[in-house]
Amino acid sequence: MEAEAAPTIKKLALQVLPTVFPSALPYQCYTDSTKSLYLVTSGKDATHAVDNVGTMHAALAVSTALMALPDIKVIVNAGTCGGFIKRGCKIGTVVIPTKGAFHDRRIVIPSTPFEQYGIGATDLTSCAIANEVREKLGYLGGCCSSGDSLDHSKEDDEIMEGNEAVVKCMEFAAISQVAKMWGKDLVGVKVVTDLVDGDKPAFEEFMANLSSAAEALQASIPQVLEIIKKEE
Ligand code: ADE
């Protein structure tokens with residue numbers, strides 16, 4: 001969301017790079033003076049004038065950006081998430097996921113692999129750069145489960161439990177699959193704004209904590225980038 005990206009765009013003095021996305025797409029790309037860093041946001045929905053969220057925009061924006069910028073080596077998916085208290089999350093906890101999976105793609109057709117295809121797990125445990133960032137900054141690991149809803153059904157809960165999800169968001173599993181298709185490293189940086197297994201509605205906690213999470217991201221991203229740059 002724009003609110004998640006705004007403090008980082010300001011802190012790193014990023015400027016709009018208008019040549020990355022075709023005009024039909026609502027996405028925006030920003031870059032720094034040395035063009036060593038590109039930040040992509042999903043823009044706004046033309047009908048409802050709210051920020052574009054969810055797996056479709058995440059996959060389309062990242063994939064289209066990579067067509068224009070094929071030399072990118074590492075993708076960083078920075079944003080907010082819901083965290084599970086039972087897996088050690090509190091408001092403000094930062095997670096660098098070791099796995100992405102979907103919890104709302106239920107395709108149960110007996111005797112076929114469609115069920116596992118729907119869950120679409122991507123193992124990131126061997127991503128050395130993500131492991132290094134997590135270890136150096138002392139962040140949590142684990143599964144980031146993604147779907148296109150802010151809330152979660154009983155069926156979503158069962159799938160998230162099956163993956164021992166530590167956090168829940170609306171983009172990471174899709175970006176994990178795009179990164180894998182393109183052969184790129186992926187570092188997720190997910191800050192907890194609300195507690196999935198807590199007692200408050202997600203939207204209330206999310207809205208209350210969005211700006212402090214964006215500030216936490218702005219503080220964390222330069223440290224993450226520093227580690228990535230040293231390894232390149
Ligand atoms: N982003 C922040 N909190 C979230 C939640 N609970 N579910 C999905 N995406 C989120």
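Biologist: Which residues of helix H6 are buried?

Modeller: In H6, residues 172–182, they are Phe-172, Ala-173, Ala-174, Ile-175, Ser-176, Val-178 and Ala-179. Buried means under 20% relative accessible area, exposed means over 50%, and partly exposed lies in between (1.4 Å probe, protein chains only). Helices are DSSP runs of H or I with at least four residues, strands are runs of E with at least two, and both are numbered from the N terminus. Just after H6, Gly-183 has a positive phi of about 70 degrees.

Biologist: What kind of model is this?

Modeller: It is a predicted model, where local features need pLDDT of at least 70, side-chain atom pairs count only at pLDDT 80 or more, and totals for chains, interfaces and linings use all residues. Residues are numbered from 1 along each chain as its sequence is written, and side-chain values use heavy atoms, leaving out hydrogens and water.

Biologist: How many aromatic pairs does the structure hold?

Modeller: Two. Rings of Phe, Tyr and Trp (its six-membered ring) pair if their centres lie within 6.5 Å; planes under 30 degrees apart are stacked, over 60 edge-to-face, and the rest tilted.

Biologist: Why is the pair of Phe-21 and Tyr-27 called edge-to-face?

Modeller: Their centres are 5.5 Å apart, so they pair, and their planes stand at 75 degrees, so the pair is edge-to-face. Phe-21 has a relative accessible area of 10%, so Phe-21 is buried. Tyr-27, at 5%, is buried too.

Biologist: What makes Phe-114 and Tyr-117 an edge-to-face pair?

Modeller: Their centres lie 6.1 Å apart and their planes meet at 90 degrees, so this pair is edge-to-face as well. The two residues are three apart in helix H3 (residues 114–119), which means about one helical turn between them.

Biologist: How do you know that the charged end of Arg-105 sits over the ring of Phe-102?

Modeller: A charge sits over a ring if NZ of Lys or CZ of Arg is within 6 Å of the ring centre and within 35 degrees of the ring normal. The charged end of Arg-105 is 3.9 Å from the centre of the Phe-102 ring and sits over it. It also sits over the ring of Tyr-117, at 5.4 Å.

Biologist: Why do E1 and E3 count as edge strands?

Modeller: The open sheet has the order E1-E2-E3, with antiparallel pairing. E1 (15–16) and E3 (38–41) each have a single partner strand, so one side of each lacks a neighbour in the sheet.

Biologist: What makes E2 and E3 a pair?

Modeller: Strands pair if DSSP finds at least two bridges between them. Four bridges join E2 (residues 28–31) to E3.
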